[in-house]
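This report walks through a protein chain, from its secondary structure to its charged side chains. Keep the sequence and the structure in view while reading.

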Amino acid sequence: MFKESNSDFSMQPMVSYFGIELNQNQYQKIKQKLDRLMDRCPVSSSYKLDFKKHQTNYIGQLTIQSYGKKFYAKKVAHTPYLTFKLLEDEIDDQLLKWKRERFSNSLAQNLSGPRVA
């Protein structure tokens with residue numbers, strides 16, 4: 001039996017993901033990048049990703065919530081994928097700042113050692 005495949009991604013049905021219509025290829029590209037981003041986040045983090053179409057642009061909002069910490073970004077670009085890349089860059093900057101603060105405080109406490117009364 002023949003399995004029909006269509007190499008033209010524009011012919012794929014559009015399905016609603018993250019608040020907008022995307023074909024399966026578009027969804028997979030964004031989801032893969034999102035999964036890799038979540039791997040860089042604190043353990044047990046959850047996310048909420050939403051896109052809105054506004055004229056010729058896409059507005060994206062990404063919130064990542066972990067125990068005691070919230071990361072948030074809102075960006076605009078011409079495609080959902082480019083919008084997500086901007087969101088990812090913003091969240092990565094926030095993660096880097098958080099990690100620097102978190103681990104520098106921990107290091108300072110370890111270096112100061114226990115206090116002797």
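Which strands does helix H1 lie across, and at about how many degrees does the helix run to S3? Helix H1, residues 24-39, lies across S3 and S4, and its direction makes an angle of about 145 degrees with S3.

## Confidence in the model

The model is predicted. The mean pLDDT of the protein chain is 86, and 79% of the residues reach 70 or more.

Over residues 1-8 the pLDDT is below 50. Beyond near neighbours in sequence, this stretch has one contact in the model. Where pLDDT is low, predicted coordinates should not be read in detail.

## The sheet

Three strands make up an open sheet, arranged in the order S3-S4-S5 with antiparallel pairing. S3 and S5 are the edge strands, and each of them pairs on one side only. From one strand to the next, the twist averages 10 degrees.

Strand S4 covers residues 57-66 and strand S5 covers residues 69-77. The two pair in the antiparallel sense over nine bridges. S4 and S5 form a hairpin with two residues between them. In the turn, Gly68 has a positive phi of about 80 degrees.

## Lys48 in strand S3

Lys48 belongs to strand S3, which spans residues 46-54. Is Lys48 buried or exposed? Its relative accessibility is 51%, and exposed means over 50%, so Lys48 counts as exposed.

Which residues does Lys48 touch, leaving aside those up to four places away in sequence? They are Gln61, Leu62 and Thr63. Thr63 is 15 residues from Lys48 in sequence, yet the C-alpha atoms of the two are 5.2 Å apart in space.

The side chain of Lys48 also makes a polar contact with the side chain of Asp50, at 2.9 Å. Asp50 and Lys48 form a salt bridge as well, with the closest N and O atoms 2.9 Å apart. Asp50 has a relative accessible area of 29%, so this residue is partly exposed. In a regular strand, side chains alternate between the two faces of the sheet.

## Salt bridges

How many salt bridges are counted in the model? The count comes to six.

One of them joins Lys31 and Asp35, where the closest N and O atoms are 2.7 Å apart. Why are these two separated by about one helical turn? The reason is that they are four residues apart in helix H1. Asp35 is partly exposed, with a relative accessible area of 34%.

Another salt bridge brings together the side chains of Asp92 and Arg40, at 3.0 Å from N to O. Asp92 lies in helix H2 (residues 80-112), while Arg40 lies in the loop between H1 and S3, so the pair ties together parts that are 52 residues apart in sequence. Both residues are partly exposed: the relative accessible area of Asp92 is 24%, and the relative accessibility of Arg40 is 31%. Asp92 and Arg40 are also linked with Lys33 and Glu88 in a network of salt bridges.

Definitions and conventions:
Residues are numbered from 1 along each chain as its sequence is written. Side-chain values use heavy atoms; hydrogens and water are left out. pLDDT is the predictor's confidence in each residue, from 0 to 100. Contact means heavy atoms within 4.5 Å. Two strands pair if DSSP finds at least two bridges between them. Buried means under 20% relative accessible area, exposed over 50%, partly exposed in between (1.4 Å probe, protein chains only). A polar contact is a pair of N or O atoms within 3.5 Å; within protein, one must be able to donate a hydrogen and the other to accept it, and residues adjacent in sequence count only if both atoms are side-chain atoms. Axes are lines fitted to C-alpha atoms, for helices over the stretch in contact, and angles run from 0 to 180 degrees between N-to-C directions. A salt bridge is a side-chain nitrogen of Lys or Arg within 4 Å of a carboxyl oxygen of Asp or Glu.
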